[in-house]
Amino acid sequence: MPTRVLIADDHAIVRSGLTLLINSQPDMEVVGAAIDGKEAVDLSLELQPDIVLMDLSMPPGENGLTATKKLKEAAPEINVLILTMHDDEEYLFRVLHAGASGYILKNAEDMELIRAIQTVSQGEAYLYPSATKMLIQEFLNRVQIGEQLDDYHILTQREQEVLSLIAQGYTNKEIAEKLVLSVKTIESHKANIMEKLHLKTRPELVRYALKKGLLDFV
């Protein structure tokens with residue numbers, strides 16, 4: 001039986017190109033296509049593909065990250081391979097946290113995408129080379145981050161709120177507006193958080209927040 005693939009991408013040309021490429025393989029077939037995350041979830045539950053090739057960014061509808069999490073909760077047997085332009089560790093960790101089985105860049109060669117689909121269809125995870133390096137670095141940092149998790153209780157309630165909002169991508173100005181505080185106060189809270197948790201960069205803060213379950217992808 002061929003591997004059944006559903007494509008989710010908001011660009012018609014991309015959907016057409018991917019369909020031609022996948023259907024040209026003797027052991028694969030495209031069984032459906034969706035233009036946003038919501039349709040991807042609905043069609044997946046209806047058609048039961050083996051793999052959903054999911055674009056990460058699909059405005060203005062539901063994005064691929066949220067759709068992946070919803071789909072894996074509803075049908076964990078369906079594998080999701082994320083297709084994206086973002087070569088960024090923050091996106092990588094969020095994608096894996098949402099339950100995707102793989103992550104491949106849109107500028108990848110055609111046969112690399114085919115290999116990725118084959119790998120995921122066999123129940124294995126697929127990551128492009130630079131993503132693998134990111135995960136190795138994450139492994140090396142795990143002990144340090146694990147120690148930092150125990151430091152969470154020393155943050156004040158306000159600092160915990162600020163930490164969560166920073167990790168979700170809000171700017172200092174946006175956080176200040178949400179919490180009805182000054183930007184200077186938010187900057188002060190951020191500095192205190194970094195010092196207490198021994199964090200130096202925003203990606204480290206996002207990884208920390210992921211491990212603490214502070215990010216809600218729904």
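This is a predicted model: local features need pLDDT of at least 70, side-chain atom pairs count only at pLDDT 80 or more; totals for chains, interfaces and linings use all residues.
In which sense do β3 and β4 pair, and over how many bridges? Residues are numbered from 1 along each chain as its sequence is written, and side-chain values use heavy atoms, with hydrogens and water left out.

β3 and β4 pair in the parallel sense, over five bridges. Helices (H or I, at least four residues) and strands (E, at least two) are DSSP runs numbered from the N terminus, and two strands are taken to pair if DSSP finds at least two bridges between them. Within this pairing, the bridge partner of methionine 54 is isoleucine 82 in β4. β3 also runs parallel to β1, to which four bridges join it; here leucine 6 stands opposite valine 52 of β3. β3 is mostly covered, five of its five residues being buried, where buried denotes under 20% relative accessible area, exposed over 50% and partly exposed in between (1.4 Å probe, protein chains only). Ile51, Leu53 and Asp55 point one way from the strand, while Val52 and Met54 point the other way.

The largest nonpolar core comprises 24 residues, and those with the most contacts inside it are Val52, Met54, Leu71, Val80, Ile82, Val95 and Tyr103. Two or more residues are contributed to this core by each of β1 (3-8), α2 (37-47), β3 (51-55), α3 (64-74), β4 (79-84), α4 (89-98) and β5 (102-105). A nonpolar core is defined as a set of buried Ala, Val, Leu, Ile, Met, Phe, Trp, Tyr and Cys residues joined through side-chain atoms within 4.5 Å. Residues up to four places away in sequence being excluded, leucine 71 touches Val41, Ser44, Leu45, Val52, Pro76, Ile78 and Val80, contact meaning heavy atoms within 4.5 Å. A second, separate core of 19 residues includes Val162, Ala176, Leu197 and Leu199.

Helix α7 (residues 157-167) contains glutamate 159, which is buried at a relative accessible area of 4%. The side chains of glutamate 159 and lysine 196 are joined by a polar contact of 2.8 Å. Such a contact is a pair of N or O atoms within 3.5 Å; within protein, one must be able to donate a hydrogen and the other to accept it, and residues adjacent in sequence count only if both atoms are side-chain atoms. Beyond its neighbours within four places in sequence, glutamate 159 is in contact with Ile154, His189, Asn192, Ile193 and Lys196.

α7 and α10 pack at an angle of about 110°, with their axes 9 Å apart. Axes are lines fitted to C-alpha atoms, for helices over the stretch in contact, and angles run from 0 to 180 degrees between N-to-C directions. The two helices are therefore roughly perpendicular, a class spanning 65 to 115 degrees, with angles under 35 degrees counted as roughly parallel, over 145 as roughly antiparallel and the rest as oblique. Leu163, Ile166 and Ala167 of α7 meet Arg202, Leu205, Val206, Tyr208 and Ala209 of α10 in this contact.

Positive phi values occur at two non-glycine residues, glutamine 48 (about 50°) and histidine 198 (about 60°). Glutamine 48 occupies the loop between α2 and β3 and is partly exposed at 35% relative accessibility. Histidine 198 lies in the loop between α9 (183-197) and α10 (202-211) and is exposed, with a relative accessible area of 52%.
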